[in-house]
Amino acid sequence: MIRNRLNMTALAFAHTLALTSSSAVLAEIATPEAGAATANAPDPKSENKADAEAKPSEAAVNVASEKGTCLETLEGTVRANHKGRLAPFCDRIQRLPVCQSTEGRPIHHADSSSVDSRGKRILVLGLIHGDEPLAGEMALEWAERLNKISHRNFWRVVPMLNPDGLKRKTRMNARGVDLNRNFPTKDWLEEAHGFWKKVGKQDPRRYPGEAAASEAETKCIIAQIRDFKPDFIVSVHTPYKVLDFDGPRMSFPRYKDLPWRALGNFPGSLGRFMWRDFQVPVLTVELGNTMIDAAQLQDIVGSFAIEASRRSGQKTAAVYEKVSANDPEH
Ligand SMILES: [Zn+2]
């Protein structure tokens with residue numbers, strides 16, 4: 001009996017140790033004690049940002065009546081036995097006024113505040129391509145988890161940017177535009193169409209649109225960037241099974257389910273737009289055709305975002321004011 005009890009204690013101790021060591025290195029979970037132990041002089045810039053986040057966004061729409069539409073719009077992103085993921089998200093949605101698809105479907109987001117005012121601001125974008133439903137589900141899984149744990153960073157999750165494409169099962173939006181070639185990069189006017197014709201062989205799946213930021217969904221993402229002022233952006237895709245980073249030189253933490261590999265960025269792509277033009281790092285998560293260990297990846301991304309933001313420099317609000325749909329020259 002006593003021996004059993006001792007074994008139980010030893011097991012509990014080992015478990016605590018395992019939790020402690022993983023939270024020190026990886027976990028997005030932060031205890032208030034851990035925050036206090038590392039508290040230095042407050043960084044006035046990040047405090048200002050935290051204040052901005054604490055207030056409800058003035059630009060947000062009253063979405064009380066949109067829960068049903070939210071459930072309907074997100075339905076196609078999750079596998080049959082994971083439908084329970086939808087309601088908790090749709091219970092706490094917000095929406096920016098411009099966040100509507102070409103065909104008028106709402107594009108919702110949910111925020112999760114940090115226990116640490118020095119946390120970084122991480123914007124998660126799911127399903128920029130409509131035929132990659134698992135990307136939406138992974139973003140929803142992250143949003144669900146953020147609601148259950150206390151965490152170090154401020155997160156905004158937009159699980160589905162291309163609802164019309166999801167409905168049609170197409171990569172492109174309802175107007176046949178690849179949103180990930182439609183961002184107003186500095187080189188868009190000069191390069192986007194030429195690149196699409198020569199390198200892309202006019203593949204309709206990669207059509208960059210008539211003009212930079214011509215699409216409703218691209219304008220929504222730009223509005224999200226201006227509103228949330230992210231230090232770090234995660235864009236979730238399928239099916240290449242890699243982690244692809246546009247950002248400062250970093251050593252990459254090992255993650256069992258996906259290797260790190262550079263896929264490059266393109267005229268009008270999000271990575272080129274936010275990293276090359278604005279020095280906000282962008283991590284592209286390319287899932288395969290099956291779900292990965294999303295919780296572990298989220299913890300790794302939380303730590304990675306903190307280090308990447310530190311290396312790419314603190315951004316002032318003025319930087320985000322320049323991120324605009326109307327000025328491809330910045
Ligand atoms: Zn994609």
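Start by selecting residues 133–146, which make up helix 6. This helix lies across strand 1, strand 2, strand 3 and strand 4, and its direction is at about 145° to that of strand 2. Keep in mind as you look around that this is a predicted model.

In what order do the six strands sit? They go 1-3-2-4-6-5, in an open sheet with mixed pairing. The edges belong to strand 1 (110–112) and strand 5 (242–246); each has a single partner strand, so one of its sides has no neighbour in the sheet. From one strand to the next, the twist averages 15°.

Select residues 121–126 and 154–158 together: these are strand 2 and strand 3, running parallel and joined by five bridges.

Move along to residues 282–286, strand 6. Buried or largely open? Four of its five residues are buried, so strand 6 is largely enclosed by the rest of the structure. Show strand 4 (232–237) beside it: strand 4 and strand 6 pair in the parallel sense over five bridges, and Ile-233 stands opposite Val-282. Then bring in strand 5, which runs antiparallel to strand 6 and is joined to it by five bridges. Here Phe-245 is the residue opposite Leu-283.

Time for the core. In soluble globular proteins, nonpolar side chains tend to be buried together. The largest nonpolar core here has 71 residues. Which of them touch the most other members? Select Val-124, Leu-125, Ala-139 and Leu-161. Helix 6, where we began, gives this core its largest share, eight residues.

Stay on Leu-161 and show what surrounds it. Beyond its neighbours within four places in sequence, Leu-161 is in contact with Ile-107, Leu-125, Gly-126, Leu-127, Ile-128, Leu-179, Glu-217, Cys-220 and Ile-221.

Finally, zoom out to the whole protein chain. There are twelve helices and six strands in view, and 45% of the 330 residues count as buried. Among contacts with a separation of 6 or more, 80% are between residues 24 or more positions apart.

Key:
Residues numbered from 1 in each chain as written. Predicted model: local features only at pLDDT ≥ 70, side-chain atom pairs only at ≥ 80, totals over all residues. Pairing = 2+ DSSP bridges. Helix = DSSP H or I, 4+ residues; strand = E, 2+ residues; numbered from the N terminus. Axes fitted to C-alpha atoms, helices over the stretch in contact; angles between N-to-C directions. Contact = placed C-beta atoms within 7 Å. Buried ≥ 20, exposed ≤ 12 C-beta atoms within 10 Å, placed from the backbone. Core = buried A, V, L, I, M, F, W, Y, C linked by C-beta atoms within 7 Å.
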